[in-house]
Amino acid sequence: IIHCLDLTNGLNNCSWSDLKYKNGNTPGQRYGHAMTFYNQNIFIFGGNNGKEITNDIWMINIDDVNPEWIKIDQKGDQPEPRMYHTFSTCLYGQAK
């Protein structure tokens, strides 16, 4: 379940809702992961799934009528598995 905080009516009138998504592959329950938001997509990276520390990346588009989780295939060098870290979005090109 993804809990979303709706701030469109201001801080004094915000409300929580649950994002419903298509059944299928998901990142599963985890803790210590990092999350970022870009272009109506939520990205999750790493964390601990209860069995191991991971370095996988998952994405879900919250504007889709029937959103589904997509596992992102990583190419080239990858960060080591990690938890309790940060994850940022670079809007203008590659971070250096």
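Okay, let's start with E68, which counts as partly exposed because its relative accessibility is 38%; partly exposed sits between buried, under 20% relative accessible area, and exposed, over 50%, using a 1.4 Å probe and protein chains only. Before I go on, this is a predicted model, where local features need pLDDT of at least 70, side-chain atom pairs count only at pLDDT 80 or more, and totals for chains, interfaces and linings use all residues. Residues are numbered from 1 along each chain as its sequence is written, and side-chain values use heavy atoms, with hydrogens and water left out.

So, which residue forms a salt bridge with E68? That's K22, with the closest N and O atoms 3.5 Å apart. Salt bridge here means a side-chain nitrogen of Lys or Arg within 4 Å of a carboxyl oxygen of Asp or Glu. K22 is in the loop between strand 2 and strand 3, and E68 is in the loop between strand 5 and strand 6 (70–72), so the pair ties together parts 46 residues apart in sequence. Strands, by the way, are DSSP runs of E, at least two residues, numbered from the N terminus. K22 is partly exposed too, at 33% relative accessibility.

The count comes to two salt bridges, and the other pair is R30 with D56, at 2.9 Å, N to O. R30 lies in the loop between strand 2 and strand 3 while D56 is in strand 5, so this pair ties together parts 26 residues apart in sequence. Buried or exposed? R30 is buried, at 14% relative accessible area, and D56 is buried as well, at 12%.

Now the inside. The largest nonpolar core has seven residues: I2, L19, I42, I44, W58, I60 and W69. Core means buried Ala, Val, Leu, Ile, Met, Phe, Trp, Tyr and Cys residues joined through side-chain atoms within 4.5 Å. Strand 4 and strand 5 (53–61) are the elements that give it two or more residues.

Strand 3 (residues 34–38) and strand 4 (residues 41–48) run antiparallel, joined by five bridges; pairing takes at least two DSSP bridges. Their hairpin has two residues between the strands, and N39 there takes a positive phi near 50°.

Last stop, W16: it's in strand 2 (residues 15–19) and counts as exposed, at 62% relative accessibility.

Note on methods: Helices (H or I, at least four residues) and strands (E, at least two) are DSSP runs, numbered from the N terminus.
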